[in-house]
Amino acid sequence: MKPILLEFPEEFTSERLLIRKPLPGDGKFVYEAIQASLKELKPWMPWAHMNQTEQDVEANIRDSIAKFITREDLRLHLFNKKTGEFIGSSGLHRINWDIPKFEIGYWIDTRFSGKGYITESTEAITKFAFTELNAKRVEIRCDSRNTKSRAIPEKLGFTLEGILKNDGISVESKEPRDTCVFAKTK
């Protein structure tokens with residue numbers, strides 16, 4: 001079957017979160033979250049160095065909507081179920097539908113950091129990948145020095161399969177960095 005023909009829920013919930021596909025108009029609150037979180041995002045996220053406008057963020061979201069429809073990439077936005085506030089962004093990336101396997105990425109609006117939202121959303125997205133998308137493998141990759149990002153797969157029982165030495169370049173120092181590869185398999 002062609003991935004574009006796959007039908008699955010475009011939103012789901014966890015205990016405290018609504019997790020849904022991106023929609024036109026999301027750019028305003030995503031832009032505000034990025035601006036509030038730049039200090040924490042810049043060491044790890046190359047896109048945090050791009051001086052994006054609200055219009056740039058909205059264009060990026062609309063591109064992610066197109067990729068969601070074609071099943072090329074499944075970006076997901078996280079909202080507090082009670083207040084409706086945007087919490088952060090996650091999703092299933094670097095997809096290989098032949099297996100199927102996915103990589104979860106995430107970032108949080110700093111104003112909501114430290115409350116367990118990313119752990120909760122990552123657990124829900126992992127379950128979604130295995131139950132709705134028949135995943136055989138779900139990965140989380142992160143810079144070995146990003147202790148907050150590393151803590152998520154460690155808490156959720158992902159296996160650290162290895163550390164890829166000098167796998168990338170640090171966003172800030174431009175020095176080689178190592179990448180941790182965590183995975184769960186079915």
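Lys184 is partly exposed, with a relative accessible area of 27%, where partly exposed denotes the range between buried, under 20% relative accessible area, and exposed, over 50% (1.4 Å probe, protein chains only). The model is a predicted one, in which local features need pLDDT of at least 70 and side-chain atom pairs count only at pLDDT 80 or more, whereas totals for chains, interfaces and linings use all residues. Residues are numbered from 1 along each chain as its sequence is written, and side-chain values use heavy atoms, with hydrogens and water left out. Lys184 is found in strand S8, strands being DSSP runs of E with at least two residues and helices DSSP runs of H or I with at least four, numbered from the N terminus. When neighbours within four places in sequence are left aside, Lys184 is in contact (heavy atoms within 4.5 Å) with Thr126, Phe130, Lys136, Arg137, Val138, Leu156, Gly157 and Phe158. By comparison of C-alpha positions, Lys184 and Gln52 are 34 Å apart in space and 132 residues apart in sequence.

The C-alpha trace spans about 45 × 40 × 30 Å along its principal axes. Of the 186 residues, 47% count as buried, and among contacts between residues at least 6 apart in sequence, 60% join residues at least 24 apart. The accessible surface comes to about 10,000 Å², with 51% of this area belonging to carbon and sulfur atoms, as computed by the Shrake-Rupley method with a 1.4 Å probe. The protein carries 30 positive and 28 negative side chains, and the centres of the two sets lie 2 Å apart; Lys and Arg count as positive and Asp and Glu as negative, while His and the chain ends are not counted, and each charge is placed at NZ of Lys, CZ of Arg, CG of Asp or CD of Glu.

The structure holds 10 aromatic pairs, defined by ring centres of Phe, Tyr and Trp (its six-membered ring) within 6.5 Å, with planes under 30 degrees apart counted as stacked, over 60 as edge-to-face and the rest as tilted. The rings of Phe79 and Phe86 have centres 5.7 Å apart and planes at 70 degrees, so this pair is edge-to-face, and both Phe79 and Phe86 are buried. In the pair formed by Trp97 and Phe102, the ring centres lie 5.3 Å apart and the planes stand at 85 degrees, so the arrangement is again edge-to-face; Phe102 is buried, with a relative accessible area of 1%. Phe29, Trp47, Phe79, Phe86 and Trp107 form one aromatic cluster. Leu78, which lies in strand S3 (residues 74-80), counts as buried at 0% relative accessibility. Apart from neighbours within four places in sequence, the contacts of Leu78 comprise Leu18, Ile19, Glu85, Phe86, Ile87, Gly88, Ser89, Ser90, Ile118 and Ser121. The C-alpha atoms of Leu78 and Thr131, 53 residues apart along the chain, are separated by 19 Å.

Backbone geometry was examined next. Most residues other than glycine have a negative phi, and most peptide bonds are trans. A cis peptide bond, with omega of about -15 degrees, joins Ile99 and Pro100, and Pro100 is placed in the loop between strand S4 (86-96) and strand S5 (101-108). Arg94, although not a glycine, has a positive phi of about 45 degrees; Arg94 is located in strand S4 and is exposed, with a relative accessible area of 61%. A positive phi of about 65 degrees is found for Lys174, which is not a glycine either. Lys174 belongs to the loop between strand S7 (159-169) and strand S8 (176-185) and is exposed, with a relative accessible area of 57%.

Arg145 occupies the loop between strand S6 (137-143) and helix H4 (147-155) and is partly exposed, with a relative accessible area of 47%. Leaving aside neighbours within four places in sequence, Arg145 is in contact with Trp44, Ser170 and Arg177.
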